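Thanks for coming, everyone. Please have the sequence and the 3D view open while I talk.

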Amino acid sequence: MRWFYWMVFLGCLSPGLGLVRDTFQGQLGVNPVETLLHETGRTALAILFAALAVTPIRRLTGWNRIQRVRRMLGVWSFVYALSHLLIYVVFNHLGDVGAILDDVVERPFIFMGMLTFVILLALAVTSTNGMIRRLGRRWQYLHRLVYVAAMTATIHFAWGQKADIREPLVWATGLAVLLGVRLFWAVQRRQRQRRPSPVRAVSH
Amino acid sequence: MLIRNRRPSDLSYSAVTPERVYATRREFIRTTAIGSIGFAACSSVAGGEAAQDALPATRNPRYVAADTPNTFEEITTYNNFYEFGVDKSDPASYAHELTVSPWTVKVDGMVGKPGDYGVEDLVDFTALEERIYRLRCVEAWSMVVPWIGVPLSSVLNKIEPQPSARFVEFTTLQRPSEMRGQRAPTLEWPYVEGLRLDEAMHPLTLMVVGLYGRVLPNQNGAPLRVNIPWKYGFKSGKSIVRIRLTDQMPRNTWAVMAPSEYGFYANVNPEVPHPRWSQAREVRLPGFFKNTPTQMFNGYGDEVAGLYAGMDLTRNF
């Protein structure tokens with residue numbers, strides 16, 4: 001099992017290492033910051049979706065130990081979202097807080113991105129064992145915000161496009177599947193609870 | 001790239017002396033003698049490139065941006081030319097699939113001389129000049145490009161706009177078989193752009209056929225594109241196949257696509273933000289920091305501000 005954990009770890013680390021290498025080798029293309037923003041954003045989204053895929057994969061395959069990488073995936077997604085934000089803050093806005101706040105307030109596309117970041121931040125800081133223990137049931141409720149983050153991240157991506165929304169549509173479809181299976185299971189569960197079981201019906 | 005097997009004896013159109021010049025050759029020699037001294041002194045920015053696609057031009061000292069030009073590689077590998085794909089690297093990858101010769105430009109509308117023209121009928125290749133212009137993209141990045149071309153006014157004078165004409169409309173080629181981006185549902189094809197006639201006749205507005213001492217690469221809009229240095233880059237229609245003079249404001253593609261984000265005028269203006277980003281500053285590529293203040297009319301205000309006297313540029317963005 002350890003090897004799987006570390007494989008996932010390396011899989012999450014390598015896109016970042018690749019970008020660092022490209023930065024120092026001048027391989028980011030003519031508009032380096034655009035490349036960095038697109039790649040960190042896309043990676044954050046991909047890893048977030050991977051985290052959301054853990055539970056469905058576990059339920060469909062019965063491979064329970066995959067659950068152990070879920071928290072790590074969530075934290076990695078946050079790490080990429082944080083780099084995405086920092087690149088925007090440093091290179092696009094030269095750290096000008098006023099200009100950034102203007103951007104957040106005036107531009108829905110930036111607002112969606114920032115909202116996503118705030119959610120991921122809250123989830124990352126409450127991801128430790130201690131916080132899970134301390135928050136108890138509230139931890140569950142808080143961490144359901146990950147569904148909201150996946151939606152706002154996808155909207156942020158779509159609204160950032162100039163004309164071609166084909167790629168965001170692919171992500172939106174993936175998200176619909178990830179959320180759809182959960183909805184399907186929730187409905188099933190509710191029906192099972194409401195309907196008396198056939199076994200009991202016979203015994204009456 | 002288009003591979004042309006040119007024999008040494010072959011001449012390109014730049015070598016042909018137009019009849020008009022031939023007829024007035026004495027005057028031609030007299031006027032160019034002065035210019036050619038300057039030409040020998042500066043030649044092109046690229047230096048001694050003896051490329052097959054070399055396109056000699058005289059640098060116009062009036063239009064030399066103080067900024068250092070971007071490299072040929074930067075200018076030809078980072079392009080917004082959705083006809084070849086939405087990624088900035090797509091045009092460099094796929095534009096070689098386009099056939100640019102032969103090329104016909106349909107001239108119609110309110111003109112005295114409508115008809116089908118070849119590139120060399122519209123552009124006087126003996127009068128080519130090099131101008132170094134800043135290029136400001138609506139996406140808040142900028143470059144500096146040594147274009148080669150002639151004033152658009154010289155082209156329009158050949159086709160004789162009628163007095164009733166108030167606008168010029170440029171249509172880009174629609175040929176999905178050679179422009180793979182047109183097979184995708186991104187923009188409405190063909191791409192249409194336009195200018196008010198006084199903007200089009202302004203001495204800064206250039207009809208471009210080359211850059212960096214070479215024939216215009218396909219990814220930059222070969223064989224014929226316009227460049228309007230005080231407007232955002234998308235106003236500069238590429239690979240033009242139709243020039244129409246009209247009294248109605250043309251419906252330019254981006255303004256039709258997203259009317260709240262792109263207008264007809266699209267003058268570079270740091271005070272009018274794009275709905276999704278500020279236009280106050282730009283990143284001068286290939287830099288990292290968006291720390292170059294954007295100038296009103298991209299720094300060409302002294303020459304063009306008068307065109308918009310009394311106009312509300314916030315509404316007419």
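Start with one strand pair. In chain B, strand β6 (residues 167–172) and strand β11 (residues 240–246) pair in the antiparallel sense over six bridges. Two strands pair if DSSP finds at least two bridges between them. Helices here are DSSP runs of H or I with at least four residues, strands are runs of E with at least two, and both are numbered from the N terminus. Take one bridge as an example: Thr172(B) has Ile240(B) in β11(B) as its partner.

Some ground rules. This is a predicted model, where local features need pLDDT of at least 70 and side-chain atom pairs count only at pLDDT 80 or more, while totals for chains, interfaces and linings use all residues. Residues are numbered from 1 along each chain as its sequence is written, and chains are lettered from A and ligands numbered from 1 in the order in which they are written.

Now the whole sheet. Five strands of chain B form an open sheet, in the order β3-β2-β11-β6-β7, with mixed pairing. Which strands stand at the edges? They are β3 (115–118) and β7 (192–196) of chain B; each has a single partner strand, so one side of each is left without a neighbour in the sheet. On average, neighbouring strands of this sheet are turned by 20° against each other, direction ignored. Axes are lines fitted to C-alpha atoms, for helices over the stretch in contact, and angles run from 0 to 180 degrees between N-to-C directions.

Stay in chain B for some backbone details. Most residues other than glycine have a negative phi, and most peptide bonds are trans. Look for the exceptions. Ser239(B) is not a glycine, yet its phi is positive, about 40°. Ser239(B) sits in the loop between β10 and β11 of chain B. The peptide bond from Ala222(B) to Pro223(B) is cis, with omega near -5°. Find Pro223(B) in the loop between β9 (214–215) and β10 (225–227) of chain B. The bond from Leu285(B) to Pro286(B) is cis too, with omega near 5°. Pro286(B) belongs to the loop between β12 (281–284) and β13 (292–293) of chain B.

On to chain A. How many helices and strands does chain A have? Ten helices and zero strands. The C-alpha atoms of chain A fill a box of roughly 75 × 40 × 40 Å, taken along the principal axes.

Pick out helix α3 (residues 70–92) of chain A. From first C-alpha to last, its 23 residues reach 32 Å, close to the 33 Å expected at 1.5 Å a residue. The expected span is 1.5 Å times one less than the number of residues. After α3(A) comes Leu94(A), with a positive phi near 50°.

Next, how helices pack. Two packed helices are described by the angle between their axes and the distance between the axes. Helix α2 (residues 32–61) of chain A packs on α3(A) at about 160°, with the axes 8 Å apart. That makes α2(A) roughly antiparallel to α3(A). Angles under 35 degrees count as roughly parallel, over 145 as roughly antiparallel, 65 to 115 as roughly perpendicular and the rest as oblique. α2(A) passes α3(A) in a left-handed crossing. A crossing is left-handed if the near helix is turned anticlockwise from the far one by less than a right angle, and right-handed if clockwise. By class, the contact of α2(A) with α3(A) has 16 nonpolar, seven polar and one charged residues. Ala, Val, Leu, Ile, Met, Phe, Trp, Tyr, Cys and Pro count as nonpolar, Asp, Glu, Lys and Arg as charged, and the others, Gly among them, as polar.

α2(A) also packs with α8(A), at about 150° with axes 11 Å apart. The crossing of α2(A) and α8(A) is left-handed. Residues of α2(A) including Leu45(A) and Phe49(A) meet residues of α8(A), among them Ala149(A) and Phe157(A). Contact means C-beta atoms, placed from the backbone, within 7 Å. That contact of α2(A) with α8(A) has nine nonpolar, one polar and no charged residues.

Then α8 (residues 145–159) and α9 (residues 166–194) of chain A: their angle is about 165°, their axes 9 Å apart. That makes α8(A) roughly antiparallel to α9(A).

Last, where the chains meet. The contact takes 18 residues from chain B and twelve residues from chain A. On the chain B side, twelve are nonpolar, three polar and three charged.

Note on methods:
Contact = placed C-beta atoms within 7 Å.
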